[in-house]
Amino acid sequence: MEKQNFGYYLKALEDGDIRKLQTFLVDSENIDMQDEDGNTLLHHAARLNSEGGVAMLIDANPFIRNNEGKTPFNIAYENDNAYIAKMIDSVRDRWQEKHGRYEEEKEREVPFFLTDTKDSILKQFQEKNMSDESLLDTESGNGQVVLYSVLNAWKFDFINEKMPPVVEILIDKAKGDVEAVIEGFDRYMEQWENEIWDEPAVYAENENGEDDYRYETDPDEWIREIMPIEEWEELKEQMRAYATKK
């Protein structure tokens, strides 16, 4: 059987040509092939709102992320297509029944401001034209990137339960107003709590009694996997102790 390139099968998906897709699916080794943007055919089926396409790709890996870090479920969510999202959720269950629980590898990329000395960090902030205002702005930009890195560093034990130097720098730039920095952290974590992350664990009925795939389990449960309350309280105490010494 002659193998075709990704574009051939993508066009078959777009045209709804089941015969060509069936030919592709016979060769299961290529079912998870990706295009230059990292999208699998399942990504495209979600993009096209193709119920038939998702059904044909029942044995595909639904956990693969494209170059933007999105799974097929993420695409269905962006398209506001609850039925496609549920179908992909079924694909996920089928895949795990066949292959075992999927464990996504997380690359631990540690930015310089979590590992370098204060002097080195300040020098690089200056070289990168990171202003004090942008570093203290926790709503977006540099400040948000720093907070995200600090919280994840704590989760992955990169800082060995010690306050990273960049937090001391933020407190210094806030002129010792440690509560303002803490408020920034709290605000960022609250923002996480208000977002839907990846695939929901369960479905729930909305106020109209209809299934709504946007519902998650208790947000407090998964946000606190990122920063458990006791660890967050410890980090805040370290921040306050530093500010007091200053």
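Trainee: Is Glu168 buried or exposed?

Mentor: Good place to start! We are looking at a predicted model, where local features need pLDDT of at least 70, side-chain atom pairs count only at pLDDT 80 or more, and totals for chains, interfaces and linings use all residues. Residues are numbered from 1 along each chain as its sequence is written, and side-chain values use heavy atoms, with hydrogens and water left out. Buried means under 20% relative accessible area, exposed over 50%, and partly exposed in between (1.4 Å probe, protein chains only); Glu168 has 18%, so this residue is buried.

Trainee: Which residue does Glu168 meet in a salt bridge?

Mentor: Side chains of opposite charge can pair when their charged atoms come close. A salt bridge needs a side-chain nitrogen of Lys or Arg within 4 Å of a carboxyl oxygen of Asp or Glu. At 3.5 Å, N to O, the partner of Glu168 is Lys118.

Trainee: How many residues apart in sequence are the parts that Lys118 and Glu168 tie together?

Mentor: Helices are DSSP runs (H or I, at least four residues), as strands are (E, at least two), numbered from the N terminus. Lys118 is partly exposed, at 25% relative accessibility. Lys118 sits in helix α8 and Glu168 in helix α11, so the sequence separation between the parts they tie together is 50 residues.

Trainee: Which helix holds both Arg240 and Glu237?

Mentor: These two side chains meet in a salt bridge of 3.1 Å, N to O. Arg240 is partly exposed at 25%, and Glu237 is partly exposed at 47%. They are three residues apart, about one turn of their helix, which is α14.

Trainee: How many salt bridges are there in the whole structure?

Mentor: Another one joins Lys11 and Asp15 at 2.6 Å, N to O; both lie in helix α1, four residues apart. There is also a network that links Glu68, Lys70 and Glu78. A search of the whole structure brings the number to twelve.
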